[in-house]
Amino acid sequence: MRGTWTVLRAETYRMSRTRSMWISLFFMGTLAFLFAFLAGEEMVGGHGGTSGLGWAPMASGFNAGLVIGTLGLAFLAARSLAGDADGWILRLTVTRSASRPALVFGRFLLGIPLVVCVIAVSLLGAWIGGLTAGGFAEIVIDNGLMATPGELIDETRRTILSVFFPMLCVWSFGLLVSSLSPNATMAVAATIAALLALDVLKLLLQGDDTWFFTTYVPTLTGSSASTELIPVAKGMSIGGYQDHLFRQSILVPIPETLIFIGLATWRTRFRSL
């Protein structure tokens with residue numbers, strides 16, 4: 001559709017030139033490092049860990065960075081359309097170079113590199129923290145081999161893939177709320193409140209929530225793959241993230257993302273710019 005790549009390039013340029021964006025990424029990476037560093041004093045598996053002491057702190061720091069990053073993505077998406085409508089940027093863009101649907105699709109595509117950045121920065125900070133805690137050799141507890149580096153790397157890769165699509169769905173959800181809100185302040189408040197409410201609902205459903213994208217998003221309640229990586233990295237679990245949950249963490253958010261973007265596009269067609 002007309003102007004999608006123009007909107008994407010413009011939003012990418014604006015985002016890359018925003019000082020607060022770089023400060024946020026630095027803060028997120030630092031937080032992941034601090035969580036990993038502080039968790040480094042804990043022995044792998046609770047007692048008797050003699051090798052691979054960096055895996056568990058790395059997993060804890062990675063999860064913490066993803067939780068903060070998810071909230072950051074929701075904030076940026078929520079203020080995107082509503083904030084630019086307040087500043088008449090949407091009207092100027094439609095007048096000069098883009099269709100109304102392109103306003104949504106261009107911003108949606110921006111979410112892909114943003115999610116990659118959040119994951120990469122969180123992992124980098126956590127990895128550095130894990131190095132200070134004892135490195136990434138095989139996990140040995142009470143002279144027993146619990147996990148090899150190859151197995152833990154594979155589980156980390158599964159975790160990254162498992163959280164990517166749910167986090168992109170959070171970005172799409174924020175765009176939907178932004179398209180429905182009259183201003184940026186209300187959009188941000190409504191998005192954060194809705195995500196917290198869905199998080200609480202996830203606890204109340206007690207296992208019957210596998211068709212909600214928030215089930216697979218790194219949040220404070222902790223049911224995502226990044227949370228399940230922690231006991232594996234401690235040598236307390238050899239199962240890892242269950243295969244059916246891994247599949248659903250990819251299959252469930254994709255149609256919900258398309259629904260959110262479709263609704264946001266429909267709303268943007270008729271909203272006042």
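Phe173 is buried, and so is Phe260; buried means under 20% relative accessible area, with exposed over 50% and partly exposed in between (1.4 Å probe, protein chains only).

Visitor: What kind of model is this, and how are residues numbered?

Guide: The model is predicted, so local features need pLDDT of at least 70 and side-chain atom pairs pLDDT 80 or more, while totals for chains, interfaces and linings use all residues. Numbering runs from 1 along each chain as its sequence is written, and side-chain values use heavy atoms, without hydrogens and water.

Visitor: How many aromatic pairs does a search of the whole structure find?

Guide: Rings of Phe, Tyr and Trp (its six-membered ring) pair if their centres lie within 6.5 Å; planes under 30 degrees apart are stacked, over 60 edge-to-face, and the rest tilted. Here the search finds six pairs. In one of them, Phe173 and Phe213 have ring centres 5.9 Å apart and planes at 45°, so the pair is tilted.

Visitor: Where in the chain are Phe173 and Phe213?

Guide: Phe173 is in helix α6 (residues 149-180), and Phe213 is in the loop between α7 (184-205) and α8 (225-233), 40 residues apart. Helices are DSSP runs (H or I, at least four residues), numbered from the N terminus, and strands are E runs of at least two.

Visitor: Is Phe213 buried or exposed?

Guide: Its relative accessibility is 4%, so Phe213 counts as buried.

Visitor: Why is the pair of Phe173 and Phe260 edge-to-face?

Guide: Because their planes stand at 65°, with the ring centres 5.4 Å apart. Phe260 is in helix α10 (residues 253-270), 87 residues from Phe173. Ring pairs link Phe173, Phe213 and Phe260 into a cluster.
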